[in-house]
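Please open the structure in a viewer and keep the selection panel at hand.

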Amino acid sequence: MPFDLTDLLHSLRQTAVERDRQGGHATFEKSQIREAGLLRLAIPQEHGGLEQPWPDIYRLVRQLAAVDSSLAHLLAFHQLQVATLLIYGNAEQQRRWLRRTADEQGWWGNALNPRDTRLLAQGEGPSFVLDGTKGFCSGTRGSIYMTVSARHPDGDQPVLGILATQAPGISVQEDWDPIGQRQTDSGSVRFDRVLLAGADVMRDHHTPPTVFHTLRNCLAQLVLVNLYLGIAQGAQQEARQYAHAEGRPWIAASVDKATEDPYLLNRMGDMQAQIAAATALAERASRAVQAAWERGQSLTAAQRGEVALAVAEAKVIAHRAGLFASQELFEVVGSRGTRASLGYDRFWRNVRTHTLHDPLDYKLQTLGRWALNGELPQPANYS
């Protein structure tokens, strides 16, 4: 893989704590990611991209998430929108929008949140008029292009399309105010009679999804797996560095160094075991996604179900590893590690904010149906 992120990660690490406090839009840092060529990762070579395999893309997301999970989220969601166009778009749409993306090295945003049905598509095609609001539109602020989904009153499926973010009638709102993931630009977008031209409609409200179409859900879920895992790795890295640089053993430990404290060693060992397990499952799931991706429209429902299982298993363990490592970080650094200037709380806030978007209980229920009854996961927005 031709990317050495050492300099980029070092630069982002220097400002991560302060930017987490401030929130808002990371204009300069996004330009650094852009200049590193990372916006072309998932674009096919025929359209001017790098066409990197998904396992490599997810590893890059993990590396970035260990330092700054908000920016990792933005990078991953950019790749996900490129994938959306490759999955749903026709050849002409892919050529036009992806070649433009590669040439301009522009960011993709989205207004696809499936649980928010306030945005309506009016008309019977081939063009539609969009009216309403969509929430949790990650990456749309500062983007040049966006994917969009809208409910049609007479259809079973949402209308899916592509828009220029600066198109008339689109207003990107600055209303993202969470406890974590503060720079993901995940606010709402208002559409005031926005024209979605027929040439940019990827799917109308009468067209059911194919099995391959539903692979997008697995790609999206695996984004979250690698964000959680990257956060866990980042928390562990901070714990390790602090223990070596400033750590002190507890007075009853009977050792000279924090790095020899038996309880700190136990905690670091527990983190290591959970992170190693999550990493192995994340890698396995990314390989399964890549194999399914290469099958394209020949992907069967059973093959897709097996991919969804692998992703769900990785999701459960990465979810737990992220929360555990971001909590145990404080047990390793102790009371002196709670200094606000260190910003260690950002790891827990970031992973907690993200994990609440997709309840763990329902992933466990999916896995339980497989383990007990042999039922493969059915395609849905979160599986």
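**The largest pocket**

Select Leu112, Asn113, Pro114, Arg216 and Asn381: of the 46 residues that line the largest pocket, these lie nearest its centre. A pocket here is an open set of points on a 1 Å grid over the protein atoms alone, where a 1.4 Å probe fits, with protein on both sides within 12 Å along at least five of seven lines; lining residues have an atom within 4 Å of a point. The model is predicted, with local features needing pLDDT of at least 70 and side-chain atom pairs pLDDT 80 or more, while totals for chains, interfaces and linings use all residues. Residues are numbered from 1 along each chain as its sequence is written, and side-chain values use heavy atoms, without hydrogens and water.

Helices (H or I, at least four residues) and strands (E, at least two) are DSSP runs numbered from the N terminus.

**The second largest pocket**

Move on to the second largest pocket, which holds about 440 Å³ of space. Select Arg248, Pro249, Trp250, Asp261 and Gly334, the closest to its centre among 20 lining residues. Then colour helix H7 (262-295) and helix H8 (301-333), the elements that give two or more residues to this lining. H7 provides the largest share, four residues.

How values were computed:
Points joined across faces, edges and corners; volume = space filled by probe spheres on them.
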